[in-house]
Amino acid sequence: MAGVRADYDRVLKQRNALLKSASAARRGGRGSDDVLSTLEVWDSHLATLGGEILAARLDLVAALGPLVAAAYDTVSSGAGPAALEYVSSLGPDTELVPDRAALVALLLAGIERRRREELDRGVSLVGPHRDDLLLRLGAAPAKGYASHGESWSFALALRLASYDLLTGDGTAGGEPVLILDDVFAELDTARRTKLAELVAGAEQVLVTAAVAADVPDLLVGDRVDVLAGTVARA
């Protein structure tokens, strides 16, 4: 999707520039018909590319959701449930399905509905660039409600779910390397053990730690010590 994202960002930049021009013309009492007619062309481009991005995101969230829930349940010893929810700029009452044509139509309708507001503010208010991913623990959002340990467990669940997804769909060109960068220091002993049990079967795991004792004994393998500017194999 990198190419689609790049095209979308280019269209968004151009559309925002036109909206600012139209907004300035309206405030100055000048006509903006030419700008508005040009804006409609960019509306179509934004909706077409945005529909493709939105469909891919919905597919990804649907695939990651069960994997995140399972990983969090294991790491946190059943303290969940953890869930992902896609939050769209189209509004909470809009039913989103990963169908590109339907999403393009929804985006065009949303743009038309907020046209006046966009012109007043001089910025694009509808599209994937305005969307968010809501992380939930039970009925509450993780942001602002999760404890430090719960937040780390959620972050690990997202990393492990991504690893499982890449491993399972075969698009990674082989099993990916799982990188755990100084995560054990942030976990209690029970969570460390659970995490080690989860990743011990991976083909390649790269672990960094400031304190060697933080890494559970279950994760054995080659070890390299970095100390006072020197690197040595332990």
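Author: What follows is about helix α5 and the elements around it. The model is predicted.

Helix α5 covers residues 148-169 and lies across β1 and β2. The angle it makes with β2 is about 120 degrees. Those two strands belong to an open sheet of three strands, in the order β1-β2-β3 with antiparallel pairing. At the edges are β1 (82-87) and β3 (140-141), each of which pairs on one side only. Strand β2, residues 132-137, is joined to β1 by six bridges, and the two run antiparallel.

On the α5 side the contact is made by G149, E150, S153, L156 and L160. On the α6 side it is made by R191, L195, L198 and V199. Sorted by class, this contact has five nonpolar, two polar and two charged residues.

Helix α6 itself spans residues 189-199, and its buried residues are R191, R192, L195, A196 and V199. Viewed down the axis of α6, these buried residues fall within an arc of 135 degrees, so they line one face of the helix. R191, L195 and V199 are buried and are also among the residues of α6 that make the contact with α5.

Note on methods:
Residues are numbered from 1 along each chain as its sequence is written. This is a predicted model: local features need pLDDT of at least 70, side-chain atom pairs count only at pLDDT 80 or more; totals for chains, interfaces and linings use all residues. Side-chain values use heavy atoms; hydrogens and water are left out. Buried means under 20% relative accessible area, exposed over 50%, partly exposed in between (1.4 Å probe, protein chains only). Helices (H or I, at least four residues) and strands (E, at least two) are DSSP runs, numbered from the N terminus. The arc is that of the directions from the helix axis to the C-beta atoms. Two strands pair if DSSP finds at least two bridges between them. Contact means heavy atoms within 4.5 Å. Axes are lines fitted to C-alpha atoms, for helices over the stretch in contact, and angles run from 0 to 180 degrees between N-to-C directions. Ala, Val, Leu, Ile, Met, Phe, Trp, Tyr, Cys and Pro count as nonpolar, Asp, Glu, Lys and Arg as charged, and the others, Gly among them, as polar.
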